[in-house]
Amino acid sequence: MFVWSVFIVLVLAAAATGGIFKPGDWYAALHKPSWTPPDWAFPVVWAALYAGIAWAGVLVWESEGQKGLALTLWGAQWAFNAAWSWLFFGRRHMGQAFFDVCLLWLSVAGFALAAWPLNPLASLLFLPYLAWVTVAASLNATVWRLNPEARRPA
């Protein structure tokens, strides 16, 4: 139960950055592509993803074998995930946020690969996360491109 608590607290800490650094009027005024998910989708999707992220971390933690790389990648994705809202919404640095989300994508994919031999379910739990981060990275890049007037230097 303690391990679950640790991973849940870590996931909630990353999720909290989305509550602290909200989109607000600045983001609402930006040009966005037609395929931008509706606002209600973000908290719904992230709630499901965060549950899977915590579960995957617990599964790897409790697995047998060399889990250091997988746990390091889990920690890396956590840090990049937590930083994105601060970079994009808090600092309004779309370029830095894009670099961060690319590192997030690599750490999520890396975790999925590193977790597979330890616990295939942990790996599979990260696949929807990888898909969502792919959409997020594409959206970040497109909004950055569509809004040159709103860019801050990287």
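## Basis

The model is predicted, with local features needing pLDDT of at least 70 and side-chain atom pairs pLDDT 80 or more, while totals for chains, interfaces and linings use all residues. Residues are numbered from 1 along each chain as its sequence is written, and side-chain values use heavy atoms, without hydrogens and water.

Helices are DSSP runs (H or I, at least four residues), numbered from the N terminus. Axes are lines fitted to C-alpha atoms over the stretch in contact, and angles run from 0 to 180 degrees between N-to-C directions.

α4 and α5 pack with axes 8 Å apart, at about 160 degrees. They are therefore roughly antiparallel (over 145 degrees). Their contact has 19 nonpolar, 5 polar and 1 charged residues. Nonpolar means Ala, Val, Leu, Ile, Met, Phe, Trp, Tyr, Cys and Pro; charged means Asp, Glu, Lys and Arg; the others, Gly among them, are polar.

The axes of α4 (residues 68-90) and α7 (residues 127-146) come within 13 Å and cross at roughly 30 degrees. This pair is therefore roughly parallel (under 35 degrees). Gln77, Asn81, Trp84 and Phe88 in α4 meet Tyr129, Asn140 and Val143 in α7 (heavy atoms within 4.5 Å). That contact holds 4 nonpolar, 3 polar and no charged residues.

## Lining of the largest pocket

The lining (residues with an atom within 4 Å of a pocket grid point) comprises 36 residues. Gly18, Phe42, Trp46, Ser85 and Phe89 lie nearest the centre. By class, the lining has 28 nonpolar, 6 polar and 2 charged residues.

Definitions and conventions. Helices (H or I, at least four residues) and strands (E, at least two) are DSSP runs, numbered from the N terminus. Angles under 35 degrees count as roughly parallel, over 145 as roughly antiparallel, 65 to 115 as roughly perpendicular and the rest as oblique. On a 1 Å grid over the protein atoms alone, a cavity is a set of points where a 1.4 Å probe fits but cannot get out, and a pocket is an open set with protein on both sides within 12 Å along at least five of seven lines; lining residues have an atom within 4 Å of a point.
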